[in-house]
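Here is a short briefing for a first look at this structure.

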Amino acid sequence: MGTATLAEHVVQKGEGVLVSNGAISVQTGRRTGRSPKDRFIVGDRETADNVDWGSVNQPFNAAKFSALWSRVSAYLDEGESYGGVMHVGAHPIHYQPIHVCTQYAWHQMFARSLFIVSEDFNPKNKPVWQILSAPEFKCVPHRDGTNSECAVLINMHERKVLLAGLQYAGELKKAMFSVMNYLLPKDEILPMHCSANVDSAGGVALFFGLSGTGKTTLSSDPNCLLIGDDEHGWGEGSVFNFEGGCYAKCINLSRENEPVIYDAIRFGAIIENVVVDPDTRDPDYTDSSLTENTRACYPRSNVKACVPINRAGEPSTIIFLTCDVSGVLPPVSILSRQAAAYHFLSGYTAQIGSTVVGSKEPYLATFSAGFGAAFLPRPARVYAELLVERLKAFSSQVYLVNTGWIGGAYGSGRRIGIPETRKIISATRSGELLNVSTEHLPELNLTIPKKIVGLESVITNPRNAWPNTTDYDAGCRALIAKFKENFAQFDVSERTISAGPR
């Protein structure tokens, strides 16, 4: 069933409405983000010694999974459902065929936009992953072994993903991202929570970062060709997209600041939890009354400037994006290989318009290993070691870019603007920052450029940008303490530890 037919079903069944730009608008109920407490991985011989079990990767009983899978399958068979065959991973070898069965027409439309729909990959060559999505099925915890009426269950051995009781479609994509994060390290492929694009000179750049740091915005650059906005693999000779579409935050979206995303929201796109004028059907991207985590899902075909084959060569530039609410970190820092490992494992940022259900504080400092700890089944060091191997092999240059506050902490300073950050990114990609005078910030143990051409409004040394240096020093000490406390969990070399704040 094609996108147009699915869109008709969405409207006819009352799952969503057609808005003025041609997209479909839907709401996801009280859960407008991911539900990490309801996410489990089936524990068995396949996963026992390979998964980093804990509060993120919770074990689930294999027998309970089989019983619940049968219940949900029977439930979907009783009513109307939608199915489609797609795949994850735009690589001729490292891809996974999937069959997605959904109760909602808009979930199937979402899957067709986010996963890869192509005849170039033959699913007969590999076993197919089965995905069931039944948002109106309610789990019974004491019977099913779940934490609530909802569940996100991943069975690595049987190649199955079960989603029950959840309308939020982001769980679909993130479940398969977790699968790829589990599978690819065995083939020495680094799975990454990053966006990627190619500039006019053919240089590939990766943008790592958690939600709200600018990953999608900065990779959706009108002067570059987009590979993908969220999930990629990096192996010898290639960076490849896991997906066939994009899933952008659209709070305060404007054509002026984010023209690529704005223009991609048209027929074939879905907007989630965006307030729509009932008369004009115009979306109001400034209205956060339903959630800060408003989203737009659209296929890559809605982006005019994208890499046709959905993959490219290895990256010359790697950007770690962090939204620093303390205003302590510099706008840009040049990282050594060991410093890159340190900050990759740290994954420091803030929860800006959090994607997690129940988050009350939108500006809470947080650490997430690999800039995506919630989706890493294996121990974090596995991914850090793969990163260092790729950096050694290809000599990529890594930068830490702060898209958060400068001149003071949240409430007193200002958030650095998107146009300013775009100029910083341009300076990293051109190699300009490798040929300028630098200075070292001893406490943060970061090397920064003394000046960036065309950015006189941005003071590169954050201490000099604060009106009161005593306040900056106090904030710096507090942030360093958080880094040290978080990093104590990692069993890594002294060289990596010493590359962090002192």
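The lining of the second largest pocket divides into 10 nonpolar, 8 polar and 4 charged residues. In this count Ala, Val, Leu, Ile, Met, Phe, Trp, Tyr, Cys and Pro are nonpolar, Asp, Glu, Lys and Arg are charged, and the others, Gly among them, are polar. The model is predicted: local features need pLDDT of at least 70, side-chain atom pairs count only at pLDDT 80 or more, and totals for chains, interfaces and linings use all residues. Residues are numbered from 1 along each chain as its sequence is written, and side-chain values use heavy atoms, with hydrogens and water left out.

**Pocket and cavities**

- The second largest pocket holds about 470 Å³ of space.
- Its lining has 22 residues, and Ile116, Val117, Ser118, Gly244 and Asn310 lie nearest the centre.
- Both kinds of space are found on a 1 Å grid over the protein atoms alone: a cavity is a set of points where a 1.4 Å probe fits but cannot get out, while a pocket is an open set with protein on both sides within 12 Å along at least five of seven lines.
- Lining residues have an atom within 4 Å of a point.
- Grid points are joined across faces, edges and corners, and a volume is the space filled by probe spheres set on the points.
- The count comes to 4 cavities of 30 Å³ or more.
- The largest cavity has a volume of about 50 Å³.
- Residues lining the largest cavity include Arg34, Arg39, Glu171, Lys174 and Phe375.
- Helix H5 (residues 170-183) gives the largest share of that lining, 3 residues.
- The lining of the largest cavity divides into 5 nonpolar, 1 polar and 4 charged residues.

**Helices**

- Helices (H or I, at least four residues) and strands (E, at least two) are DSSP runs, numbered from the N terminus.
- Helix H8 (residues 337-346) is mostly covered, with 9 of its 10 residues buried.
- Buried means under 20% relative accessible area, exposed over 50%, and partly exposed in between (1.4 Å probe, protein chains only).
- Among the buried residues of H8 are Gln338, Tyr342, His343 and Phe344.
- Gly347 follows H8 and has a positive phi, near 55°.
- Leu391 sits in helix H9 (residues 380-394).
- Leu391 is buried, at 3% relative accessible area.

**Sheet**

- An open sheet is formed by 5 strands in the order E1-E2-E16-E19-E15, with mixed pairing.
- E1 (17-18) and E15 (245-249) are the edge strands; each has a single partner strand, so one side of each is left without a neighbour in the sheet.
- Two strands pair if DSSP finds at least two bridges between them.
- E15 and strand E19 (residues 295-299) run antiparallel and are joined by 5 bridges.
- Lys249 has Arg295 in E19 as its bridge partner.

**Cysteines**

- The whole structure has 0 disulfides (pairs of cysteine sulfur atoms within 2.5 Å).
- Cys246 is in no disulfide either, and its nearest cysteine sulfur, that of Cys306, is 8.5 Å away.
- Cys194 is buried, with a relative accessible area of 0%.
- Cys246 is buried, also at 0%.

**Salt bridges**

- A salt bridge is a side-chain nitrogen of Lys or Arg within 4 Å of a carboxyl oxygen of Asp or Glu. The count by this rule is 20.
- Glu15 pairs with Lys13, with the closest N and O atoms 3.5 Å apart. Glu15 is buried at 15%, whereas Lys13 is partly exposed at 37%.
- Glu149 pairs with Arg31 at 3.6 Å between the closest N and O atoms. Glu149 lies in the loop between H4 (141-144) and E8 (151-155), and Arg31 in the loop between E2 (24-26) and E3 (39-42), so the pair ties together parts 118 residues apart in sequence.
- Asp230 and Lys215 meet in a salt bridge at 3.3 Å, N to O. Both Asp230 and Lys215 are buried.
- Lys173, Lys174, Lys215, Asp230, Glu231 and Glu243 are linked in a network of salt bridges.
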